[in-house]
Amino acid sequence: MKKLILLFALIFITSCSKDDTIHEEDQFNDITYIYFDPPTWLLGTWTNIQGDKITFTSNNVIFNEYGNPIYSANEEIAYYEEHFGNPNIQETAYANYYSLKYNYNIDYRMKFTIIQISQRQIDVSGFFTGTFTKL
């Protein structure tokens with residue numbers, strides 16, 4: 001009887017699984033793809049009054065429309081590279097200026113420019129436009 005209880009206990013303990021939920025930051029921050037390096041002043045999540053968000057990590061840019069992740073620059077670039085070839089990434093960074101351009105699909109080039117207004121505000125033009133505030 002003890003062996004049977006131990007067997008069931010062992011089966012119960014080993015059958016527990018880990019959380020396989022893919023969280024937004026894990027989903028879009030695959031370090032396999034490192035195409036660019038945003039400046040440190042830009043790292044973090046920025047939002048505008050419409051609720052759009054842009055999150056800059058050390059190796060990715062994630063676009064959210066009304067709180068829903070819709071684009072990851074790494075995923076777009078990896079897809080383009082796999083299907084069409086060189087995505088022609090052009091990244092420029094200065095003290096208060098950042099620009100990123102890359103081929104998004106065969107007919108369209110993703111581009112945006114950011115000017116730092118203050119430590120908590122940036123002015124964005126391109127995919128999203130307007131003033132964004134750091135969260």
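Is F84 buried, partly exposed or exposed? I looked this up before anything else. F84 is partly exposed, with a relative accessible area of 39%; I use buried for under 20% relative accessible area, exposed for over 50% and partly exposed for in between, with a 1.4 Å probe and protein chains only.

**Basis.** I am working from a predicted model, where local features need pLDDT of at least 70, side-chain atom pairs count only at pLDDT 80 or more, and totals for chains, interfaces and linings use all residues. Residues are numbered from 1 along each chain as its sequence is written, and side-chain values use heavy atoms, with hydrogens and water left out.

**Whole chain.** I noted three helices and nine strands. Helices (H or I, at least four residues) and strands (E, at least two) are DSSP runs, numbered from the N terminus. The order along the sequence is α-α-β-β-β-β-α-β-β-β-β-β. The chain has 135 residues, and 31% of them are buried. Its accessible surface is about 8700 Å², with 55% belonging to carbon and sulfur atoms; the areas come from the Shrake-Rupley method with a 1.4 Å probe, and for residues only the protein chains shown count as cover. I also looked up contacts (heavy atoms within 4.5 Å). Among those between residues at least 6 apart in sequence, 43% join residues at least 24 apart.

**Around F84.** F84 sits in the loop between α3 (73-83) and β5 (90-93). Together with Y79 and I106, F84 forms a nonpolar surface patch with about 320 Å² of accessible area. Patch members have over 30% relative accessible area and no salt bridge; like charges are joined within 9 Å, and nonpolar side chains (Val, Leu, Ile, Met, Phe, Trp, Tyr) within 5 Å. A salt bridge here is a side-chain nitrogen of Lys or Arg within 4 Å of a carboxyl oxygen of Asp or Glu.

**α3 and the loop after it.** In α3 I found A73, N74, E76, I77, A78 and Y80 buried. G85 follows α3 and has a positive phi, near 115°. N88, in the loop between α3 and β5, has a positive phi near 50° although it is not a glycine. Most residues other than glycine have a negative phi. N88 is partly exposed, at 34% relative accessible area.

**Core.** Which residues have the most contacts inside the largest nonpolar core? They are F56, V61, Y98 and I114, in a core of 22 residues. Such a core is a set of buried Ala, Val, Leu, Ile, Met, Phe, Trp, Tyr and Cys residues joined through side-chain atoms within 4.5 Å. At least two core residues come from each of β2 (53-56), β3 (61-65), α3, β6 (97-105), β7 (108-118) and β8 (121-126). Leaving out residues up to four places away in sequence, F56 touches several residues, including W46, V61, Y98, F112 and I114.

**Strand pairing.** I count two strands as paired if DSSP finds at least two bridges between them. β5 and β6 run antiparallel and are joined by four bridges, and they form a hairpin with three residues between them. E91 has L100 in β6 as its bridge partner. β6 and β7 are also antiparallel, over eight bridges, and their hairpin has two residues between the strands. Y97 stands opposite I115 in β7.

**F128.** F128 lies in the loop between β8 and β9 (130-134). Why does F128 count as buried? Its relative accessibility is 7%. F128 is 74 residues from I54 in sequence, with 8.6 Å between their C-alpha atoms. Beyond four places in sequence, the residues touched by F128 include D52, I54, F63 and I70.
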